[in-house]
Amino acid sequence: MNASAGTGVFVFSLMSIPICYLFNSLVYNNSAEAFFLAGCATLIILVISTRFMLKKKAPADPLFYVFAVYAFLSVVNLIIGLEQDNIIDGFVTFYLKEADPHINTAHGHMISYWDGCVHYLMYLLMIAAITWGDSYRAIGLYWVGSFLMRAIVYILGNAVGKHGTQIGPLFFLHMLYISVSVWACFRIFSQPSIQDVQLASIQEAQRTSLLHRPLDLMFIIYLIPALAFCIFRGLVRHTETINYFFSCRVPLYFKQFVF
């Protein structure tokens, strides 16, 4: 397979910039000209990207198409982060006002930059590996870990947060994104490892004392306080949720029997 498919994905992801601007102008201006330009731009982008990606032979790996869409969304997330910091303006203004409240939190703001930079690079590297016929399991495992941490924070944050009862269409779109990503995680896990590690060497390393394994010892020293900090942060958030619940939803004559 040639590299034109990967080039098409890169061009397709960058086309999210004019698409965001045109559709944001369409929403605010509500004009037929803006709608026509946005529709024509989207059609041209799809045609050019499809021509690049399917010029000679369509990629057989279904994750190629998943990562192509995710690369497009990563650039959109980068635009969201830049507009939240007032570096740019007029691209996703309407979305920031009507979007899921999570996107305007500190975690959502940093996730926009993380997805727009780190995940975007991972998607391009994995797409390049697919087009060249190489293994992308190592990079994919890094993406799996990053995605799982993001999904856990997002789901639990929506469950215990004050906006947990406000379920809109964007929440179901995020659940669709999480479901497809979980399927992609299993696809990555099912790929064979390219590293041939001997079982005897693993057993010999496990018999060695932890004090003679400095990297493992440093990892454990880091893991314990990191775990304690995550639990502490969750308890703080949980306490704020309880206080909000009792201050807004519990009648006044019940509070004297609770605290």
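The following legends describe close-up views of a predicted model. Local features require pLDDT of at least 70 and side-chain atom pairs pLDDT 80 or more, whereas totals for chains, interfaces and linings use all residues. Residues are numbered from 1 along each chain as its sequence is written, and side-chain values use heavy atoms, without hydrogens and water.

View 1. E83 lies in helix 4 (residues 63-84); helices are DSSP runs of H or I of at least four residues, numbered from the N terminus. E83 is classed as buried because its relative accessibility is 6% (buried: under 20% relative accessible area, 1.4 Å probe, protein chains only). The side chains of E83 and T93 are joined by a polar contact of 2.5 Å (a pair of N or O atoms within 3.5 Å, one able to donate a hydrogen and the other to accept it). Beyond neighbours within four places in sequence, E83 contacts residues including I88, F91 and L96 (heavy atoms within 4.5 Å).

**View 2. The aromatic pair of F67 and W143.** The whole structure holds 12 aromatic pairs (ring centres of Phe, Tyr or Trp, the latter by its six-membered ring, within 6.5 Å). F67 and W143 form an edge-to-face pair, with 5.8 Å between centres and 75 degrees between planes (edge-to-face: over 60 degrees). This pair links distant parts of the chain, with F67 in helix 4 and W143 in helix 7 (residues 137-160), 76 residues apart. Both F67 and W143 are buried.

**View 3. The aromatic cluster.** Ring pairs connect F67, Y70, Y123, Y136, W143, F147 and Y177 into a cluster.

How values were computed:
Helix = DSSP H or I, 4+ residues; strand = E, 2+ residues; numbered from the N terminus. Buried < 20%, exposed > 50% of the residue type's maximum accessible area, 1.4 Å probe, protein only. Phe/Tyr/Trp six-rings, centres within 6.5 Å; stacked < 30°, edge-to-face > 60°.
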